[in-house]
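Let's take a walk through this model together. Have a look at the fold first, and then we'll go through it piece by piece.

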Amino acid sequence: MKKVLFILFSFLVLAGSVNAQFVSGNTQIMLMQKDGDRDPPGQIGDTSPENAPQTRGVILQPVCASLYNKVVTVDFQTAFSAVTVNVINETTGETVYSELFINPASFSIDLSGKGTGDYMIEITSDEITLEGYFPL
């Protein structure tokens, strides 16, 4: 009887750990600044000590996005007054989602009715423009 209980308990522990790995299996979407946002302001050329590049520490990402079960979840780490979000099917060039959010903290986009292919998410505010690519 002890052996049967031990086997049953071991099976439950194994099943629980496999389920925990599956639940946490989100795909992170890497968001990068668009090229125009990286252009240095002002003069380009000779640098003086006053306008020399500054050493920086770790820069935290203002927006995080993940994909799980054809649902894109976007979490904001920084407060933005207004954000426009576009999701574009890169395979067909079709805009499948577009919305303006006021003071967003987090939202989800359900893409379960959309076809497979490569998609791009673009998050635009007055301060920054981010884009990321993901397969669906």
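First, some ground rules. This is a predicted model, so to speak of local features we need pLDDT of at least 70, side-chain atom pairs count only at pLDDT 80 or more, and totals for chains, interfaces and linings use all residues. Residues are numbered from 1 along each chain as its sequence is written, and side-chain values use heavy atoms, with hydrogens and water left out.

How confident is the predictor? pLDDT, its confidence in each residue on a scale from 0 to 100, averages 80 over the protein chain, and 68% of the residues score at least 70. One stretch to treat with care is residues 16-23, where pLDDT stays under 50. The model has two contacts (heavy atoms within 4.5 Å) beyond four places in sequence for that stretch. Where pLDDT is low, the predicted coordinates should not be read in detail.

Now the overall layout. The protein chain has one helix and nine strands, taken as DSSP runs numbered from the N terminus (H or I over at least four residues for helices, E over at least two for strands). Along the sequence the pattern reads α-β-β-β-β-β-β-β-β-β. Of the 136 residues, 28% count as buried, meaning under 20% relative accessible area with a 1.4 Å probe and protein chains only. Among contacts between residues at least 6 apart in sequence, 59% join residues at least 24 apart.

Five of the strands form an open sheet in the order 2-9-8-5-6, with antiparallel pairing; two strands pair if DSSP finds at least two bridges between them. Strand 2 (32-33) and strand 6 (95-102) are at the edges with a single partner strand each, so one side of each has no neighbour in the sheet.

Let's cross the sheet from strand 2. Two bridges tie strand 2 to strand 9 (residues 129-135), antiparallel, with Met32 opposite Glu131. Strand 9 is mostly covered, with five of its seven residues buried. Next comes strand 8 (residues 118-124), joined to strand 9 by seven bridges, again antiparallel, and by a hairpin through four residues. Ile121 of this pairing stands opposite Gly132 in strand 9. Strand 8 is largely enclosed by the rest of the structure, because five of its seven residues are buried. On to strand 5 (residues 82-89), which pairs with strand 8 in the antiparallel sense over six bridges.

Key: Buried < 20%, exposed > 50% of the residue type's maximum accessible area, 1.4 Å probe, protein only. pLDDT = per-residue confidence, 0-100.
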